[in-house]
Amino acid sequence: MIQPIWDQSALLLASTSLEVSVLLLLTVVVVWLCRRSSAHLRQRFLLVAVIASLLFPAVAAIRGPGGERGERGAQLRPPAPIVRSLSPLVHSPYSSLGKFPDLPQIQSAEQQKARQAVRPTQDLQSQTAAVPPLPAWARWGLTLWLAGLVPCLFRLWLRWRAAVGLVREAKQLEAPHVIRALIEVSQRLGITPPRAVVSDSATTPMIWGPPRAQLILPTSISSGSPAELRMVLVHELTHLKRRDSLSSLSAELLCAFFWFNPLAWHIAKLLKSEQELVADNEVLSAGVKPSDYSAFLLRLVHRVRQQKGWNRPLGVNAMIGTPLIEHRLNSILETPLRRRPSRQVIAASLAAFLLGAFGLFQLGPGRTLAATGHSIAAAVSSQDQGPLWNQEQLRATLGPTIINNMADRYIAGAAVSIVKDGNLVYQDAFGMRDVFAQDPVHPAQTIFRIGSVSKVITGVAVMQLVDRGLLDLDTDVNQYLVDFKVDDNYDQPVRVKHLLTHTAGFDQIGVGRHVASREEVLPMAEFLADNLVRVRPPGQFSTYDTYAITLAGYLVELISGQSFEQYLLDNIFRPLEMLRSNIVVPERLLSDTAVGYEFLGEWAPQAWEFMNTDPASTVNSTVVDMANFMTMMLQGGQFKGKQILTKQSATQMLTRQQTNHKLLPGFGYTFFEDRGHGLDAFSHGGSMTGFGCSLYLVPEHGLGIFVAYTQESGSLASSTISQLVDTYFAGRQKAPDLLPPLEQQADLARFAGSYADSMHNHTRKHLGGWRARPFDLALNDQGFLEFGGSPLHAVGPLLFQRVDGLLVAFHEDPEGAITHLLVNQTTYERFSDQAGSSEPVDPTAIKLEPVLLDRYTGQYESELGVISFSVVDGGLEATLPDQRKDLFRPYSTTEFFVPSAPARLMFRLDDEGRVIEARVDTGSTIAVLTPLR
């Protein structure tokens, strides 16, 4: 029990010693640069540095050892619940919508045994190796520090006792002329006259406190001249007014705690010197002649130096050292000084830095509790406070979050890269690229499938052609198409910019996108000619559109005369040194490609997906390659001196170009406007079977984050970004402001009804594809519209807001009928104005025979506890552990939806039709349910 505390204390001492050294040296430099300024300003600088240095150990102790304790805690922490509630949240437009993949078959008993032998905690152990113990010299250093601290504190206590004894032996001041002078000077300085005492033991006048400030005067003060009395009172009461007794005590404590640091003693001496200079200047401003005041000080110095011993009171320190009194006299007499740093100061600075640096580097990365740069920023600037943007600090910040999330969600491997102000400041990898080969993930080598993040790369390709004058964003796409044309069933043409803002109005069919092999991938012209179906006017509403981005990629292919993949290689990947990025992984890199998994009680590798929508779906890359891409986007299209995009195009991609409502986030060109973490950011997520990732850019701060992992669903990216933003931007406003409610209540009944995400198959429902998932928006018992389990409050004619700040807008047609529900970038079409019907309003929903429903009934184990399903009114009713109930309606033989919100329930069956597991997907979280046999 004592050893860990002792180790943590040694870490605290080693890390703060360097931080304090940096801060104190900076203070010495600032004071020297301000040598021609007022003593008052220099004293303030010194006092801030002293207080900050004393606070460093306390703050660091509260914060705790970042790297070591954080990562060990990640191993010991119990898994957090995957889902807190089955009440669904807002559907993410790029979450997984495809069919739940079938369970891969294990071919042999040997393979089965090998798979069962591997567990998630084993895969992560290589990333959480125990931190080596502290070297013996670190513990001896702590012992030596304590040995020096005790006599320093004891010396301070003796001097305090001496001052207390002096006050106890003193007598109340009774001399009338001294009292009158005291009151006069106090009024002049604007303070309340203090209690004044006289003592035979007092060598010099002084203010003693800080519990209750008192003026201690020598007995001889009564017999002194009025001029000397005035000098004394002005000087001492200036100390009282400025609370210099507290400053002196802080300096003494600094010397006690950092007794081994020469800079601490030097700063304490400087602070005392500047305090005296401020008081001296006040005396001179009262009309005292410099020569008279200098002579008086010399007489005091002679008296003070006759008093010796450790118990000398605090107030006489300004009279002890010859350099100090010489400095005061030179300042009083205005004698020019050559204020260069002394050899002692240079030697003290060097010694302090060698001491702190030795401890820092010997302890190794991850040991320190805070970055040196943080100490400087805390003392000098209010901007960019917080941990440094470097590998060690970011690993300490993000490592525990990533490892915990991987363990909670059984993610086999993950990697992350972060760029800041044009530099790659963090790259890291966790877990296994291949679980069964025990091959770890490498940030610069391991290739991940980035899914829909491919869309932003396609966006860059399109904007390059715009920069070259080969494409125009406002031109009808039919002017570029040759082999086929987009239907003209609407008056408004589909323009190039509509493709990049998800407003082209194409039907999201979802049928025929997947093929069995690369050889079966259709030419884009052939696939698009059969699948571009317009179902709404362009530019009206945003619907996440895979087909529009694929058409944008086809335009790149058509205009450049190259295959889409070759264009990316020549114009994006090679110029950006993304040498491991591709659409078809070359054979030489296959061994570095990550394996996608699902965890079904054991690791289940997922089959590689092949799609007819390459520009929207199928780019592969590493997190370091994507760091180069992020750097280019955040540096105005530049990368290492090469202009990949014009600054105008890069800015347009990261600027809102479309929104469903002026108060809702919208789209840049291919990027989502992202307010989810409290910053003005742009992002895009991606998922494929066995893979997930997220790209997050904050242009204002030059910050880019890319997270990739080997599981299609999960919150690893979101939790990683949240942890980073919470740590480095703690002062941001996390939630939107709540708008004032309308004084006149709206007619809420007109908004109630059944809605479904417009991203579904409208025209080929008989083929399946992306089905509509309707939910009811109804009035609750209190008469409020309820969305996602929370009431909506009217804040505008067609605008509502939840208590968490989420804004929800509605759209009405010219006749005043509500046609759409708008949430962030998602458009929900109104299916019916009747909510709460016992029948699903989705025309693609189906009825299941009771015998088919019965196989899903029973109890299931989840992170929330036991959940039971029973057949009720043609659907499945889920009873949660807290006895709340949700009704799920079928829209396939294995998939069900919740009429009250956009969420679905999916069952996985074995070859005999028995349930293997179930999952509840709310659009933002996934709960895994295991049947209890």
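Select helix α22, which is mostly covered: 12 of its 12 residues are buried (buried means under 20% relative accessible area, with a 1.4 Å probe and protein chains only). The model is a predicted one, in which local features need pLDDT of at least 70, side-chain atom pairs count only at pLDDT 80 or more, and totals for chains, interfaces and linings use all residues. Residues are numbered from 1 along each chain as its sequence is written, and side-chain values use heavy atoms, with hydrogens and water left out.

Helices here are DSSP runs (H or I, at least four residues), numbered from the N terminus. Among the buried residues of α22 are V623, F629 and L634. How far apart are the end C-alpha atoms of α22? They are 16 Å apart, which agrees with the 16 Å that its 12 residues, 623-634, should span at 1.5 Å a residue; the expected span is 1.5 Å times one less than the number of residues.

Next, select G636, which follows α22 and has a positive phi, near 65 degrees.

L33 is exposed, with a relative accessible area of 57%; exposed means over 50%.

Finally, colour the model by pLDDT, the predictor's confidence in each residue, from 0 to 100. The protein has a mean pLDDT of 78, and 77% of its residues reach 70 or more. Select residues 64-132, where pLDDT stays under 50 and the model has 151 contacts beyond four places in sequence (contact means heavy atoms within 4.5 Å).

Key:
Helices (H or I, at least four residues) and strands (E, at least two) are DSSP runs, numbered from the N terminus.
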